[in-house]
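This report describes two interfaces, one within a chain and one between chains. Please consult the sequence and the structure shown below while reading.

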Amino acid sequence: MKKTVKLTVNGTTYERDVEPRTLLVHFLRDNLGLTGTHIGCDTSQCGACTVLVNGQSLKSCTAFAVQMQGAEITTIEGLAKEGELHPIQQGFWEMHGLQCGYCTPGMIMQSVQLLDRNANPSEEEIRHGIEGNLCRCTGYQNIVKSIQWAAQHKNQGATEVPEADAPQVDPKPISPVP
Amino acid sequence: MEISGDYTFKAPVEKVWAILMNSEALKNSLPGCEKFEEIGPDSYDMTMKVGVGPIKGTYTGRISMADKDELKHYKLLVSGQGSAGFLNGEGLFDLTSKGPEETVVNYKGRANVGGTLAGLGARMLAPVAKKMGNDFFKSMDKQLQAETESV
Amino acid sequence: MLTANPTGYVGSRIKRREDPRLVTGNGNFTDDLTPVGTVYLHMLRSPYAHAKIGSINTAAAKAMPGVLAVFTGEDLKKDLAGPIPGVPYGTVQTVPAYYPIATDKVRFVGNIVAAVVAETRGQARDAAEAIEVQYDVLPVVLDMEKAVKDGSPLLHDEIANNICTEIELGNDVTEAFNTAEVTVEHRFVNQRLVPNALENRVALAEFHQGDESVTLTVTSQNPHILRTLLSGEIGIAEHKIRVVAPDVGGGFGSKIATYAEEVIACIASRKVKKPVKWTETRSESFVATIHGRDNIDYIRMSATKDGKITGLDITAYANMGAYMSLLGPTVPVLCGVIVPGPYAIPNVHFKAICVYTNTTPTDAYRGAGRPEATYMLERTMNMMAEKLGMDPMELRRKNFIQPDQFPYFNIVALNYDSGNYEAAMDKALEIFGYNEMRKTQEEARKNGKYIGIGQSTYVEVCGLGPGSGMTISRGYDCAVVRAELTGKVTVFTGVAPHGQGQETTFAQIVADEFNVPIEDVTIKHGDTEMTPYGMGTYGSRGTAVGGGALMLAIGSVKDKAKKIAAFQMEANEEDIVFEGGKFSVKGASGGKSISFQEVCLKAYIDPKMAPVIEPGLEATRYFEPGNFVYPFGTHLAAVEVDAETGNVKILKYVCVDDCGKQLNPMIVEGQIHGGLTQGIAQALYEEAVYDDNGQLVSGTLMDYALPTAAELPHYTLDHTVTPTTVNPLGVKGIGEAGTIASTPVIVNAVVDALKPLGVKDIQMPLRPEKVWKIIHNGASANGSAGADASVVEQHFGEDNK
């Protein structure tokens, strides 16, 4: 029995029929083709699938798509605006905050919330704030530096955290992938 | 994994023994039991639906009773296999009469699990087993009381 | 050699060119790809560690909705050209057949027993659940030392005592131990680890009916090797197989081997005539992807009273798991060859006994053998220092190979290229403030606090490998450098980076060498249809070997460019110099010159050159180094052990590493950070735990402790630069150094912290619970030091009394 869910992702409103058991992460990847959100585990430990739901970070493997009725979701694909990287994306680039890049989308989305809540976090606060996101490559040191870089540059009035753009209608539905 | 515990019935040992030996009561007391067929004396083929944390699965296997020492002791052997792995175990049950209206059953068991059930569910297994043990006796107790009342 | 770099890319902290796509979610990982018509593959795995397969009933599964095919071991065998290969080494009895789907027996939990292809993932999974398998359970063998004893259950009937192979290296140490003034001996357990690259394995196979070829897009560190091996497994000729490794989310060795699922996906795609995708789940990965380490090491060391080490004798039991994975027996070889470390030890004997057990097969995991060697050596150095009453650093200093001794033959197998171990050590001691930290420690002890200092001086062997130094194959890599008509440069490399950043470092080299903006350079990799035969990325070889090939190819392109420039300027080829992006005639004044871009254009279009110079400006070159490279360094750490909780906090971590010339210090540091973290995590957190029945009980990320940001310290890094002449870049490789050095540092530090309690060793990982028990119940609670003394004595017998 499929259910209809209507939600906004990166400023575009979608209405789709999904199986109730479909996890949000699978919905984003398989139904909307937004493969920037990654899957790294099946027990909600790794955080690779972190997205923003109504401004709050959420591991998208911990929610069903049907629970997202009316939600505004931002994924990694929706963070850069008009070709301009978000300060956190820029920070990860500047400070070598990634190697293989697999945990990076989730790590960045979690960092967005971290800096939203605390504009000038200490190293300890940063480390605590990204505790739920695993990275196997960097040893986290440069991720911490990346977030610090972003904090500095964001406070200097660089790009603001994006608000959802004016809702658009799903331009061309991608055929759902099983 | 080791499991042990006890359960106190407010009933004489004879009645407790009788209900524990009753195949219908056994069937009703096995959690998630879907199929239960006698294949020999004290031996049954069964299908159980069990959830351990996130691992829910159907297990097909066998349950049997052995080493019966009337009113005192028996052994329950369970083995099952399903998509989420396998589980098998044995439990030793000792009955002690504490008076005309009180019987204590001590149980001590060992269970082995394998596959996803062990990998993913191991941490949840002990509390689940404990709960299943408790539910088993509660169900037996309930049936015992129902029987008593109907009499 | 690198030329002077007017553009200044090499040596600079150039931001990575990989990153823009990865920070915006535009990466291209295998599971992101879903060609039209893709169907899904799901594996049914054995829940038993050891069992005979009685019968398999697939009828119900086949009848389920969406199911396209079901394979058992026997079904698959018909389409199989050969089993999954392993590379034998030493006294191998025979390589047991490792079929992608088990046929007779299952030998570890996770061994595949059937595979289902269906239209959706859910359907494939549901159908797999409907397959009925009857198992006859067999006794399980997990303990290596028991497995080799007579009468132990056998995994493979044809393999006596479960011994996969024995490997013996070095010289006779009997005399050294007979005449030893001081000896120490110990048994170390180097626990089993799960690599846990954040991206699980994925295989997407597309069989093309038209020409009967197959494209496998896959999470691989070495697509060419995989293609060759795959050909032998699926029976499709190599030139009809294309292996593509797009963005790969980390490997750490776990994506070197060829795996069952890749074979099954290819065969399934051929059968169902559709693209077939298999995506591993994390909990599946825990049992299905190779594990690392899992050694038991008996070690004894002899020395003179004044601290000169005279002998080293090791027996290592190496757990192969249930089958021989590709490099299973190669890992202990890599341990043995480097086991004397940076010390001049005249007598060294190493024996490895590789054992099959009912566990997931093991293979190379970051460091592969060298962490095992460094761990036991550096722990034993501290035990020896303790026995001699010397400071651990002084004992090391006394035994270092001296700079004038290079190239140095280490008795076992290797010729170390270059090194200055004392310089790195002195720098580390100074940055760390070693003497001050000793005073702090003393003060802390008076206040009942447990502070410890740990150390490790290491040398590792990497940059695989010299043509003659490998076991089964030459060791080289390749590069194609193509100067395009418009003056841009495209490079195709045979290495397959997956986080190491060669899209950047290689572009830095090219931009400097041709004096072009880095934006004009593209580095391509990971596609067997695009690059010549390369060995891939592992063993810290990408830059040391792949970079060498790149330098050779650049040189060849330059040579041809000079020929063209000479033609264009009507000069002698020998008189052409290339400087500042321009070709000019040596000694000729008046400034006649031609730019690199003009040469490129002429190379492709100038009709005047037709009779004289072949068109195009491109070269393919292979580089095969004459030796390995030997990075080295000193790592120091201070830890505090919380007596209340047993938790170990790293107060300070200083490392001075020497990887020769650094092309991009930012990337070098990143590699070290990651390496350190994996090594520290082995010391403190990670461990694959099996129960008595061979069930992996640490089989999820809930139970297997990967380190998080909150547990780790801020590392202080520095370096020395001792170049090597082994490769044209003078680089030594840095991917594994951090992992190799860091594990013993932490354990040495914790043991030092708990020295007042009489603690001599603690078996890894040093989890709080274990450490707490030792603090509260005394050193006797320590499983490995106390209980094993007699076992160790028994092992080495009476020879060292």
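What area is buried between domain 1 of chain A and domain 2 of chain A? About 1200 Å² is buried between these two domains, and carbon and sulfur atoms give 54% of that area. Buried area here is the accessible area (1.4 Å probe) that two parts lose on being put together, summed over both.

## Basis of the report

This is a predicted model, in which local features need pLDDT of at least 70 and side-chain atom pairs count only at pLDDT 80 or more, while totals for chains, interfaces and linings use all residues. Residues are numbered from 1 along each chain as its sequence is written, chains are lettered from A and ligands numbered from 1 in the order in which they are written, and side-chain values use heavy atoms, with hydrogens and water left out.

## The two domains of chain A

Chain A is divided into domain 1 (3–78) and domain 2 (87–155), with bounds that come from an automatic or database domain assignment. The C-alpha centres of the two domains lie 21 Å apart. Domain 1 of chain A brings 18 residues to the contact and domain 2 of chain A brings 14, where contact means heavy atoms within 4.5 Å. In domain 1, A:H38, A:T50 and A:I76 lose the most area to domain 2, together 37% of what that side buries.

Between these domains the count of salt bridges is zero; a salt bridge is a side-chain nitrogen of Lys or Arg within 4 Å of a carboxyl oxygen of Asp or Glu. Nine residue pairs, both members at pLDDT 80 or more, are in polar contact across the interface. A polar contact is a pair of N or O atoms within 3.5 Å; within protein, one must be able to donate a hydrogen and the other to accept it, and residues adjacent in sequence count only if both atoms are side-chain atoms.

## The interface of chain C and chain A

Five salt bridges are found across the interface of chain C and chain A. C:E686 forms a salt bridge with A:R136, with the closest N and O atoms 2.6 Å apart.
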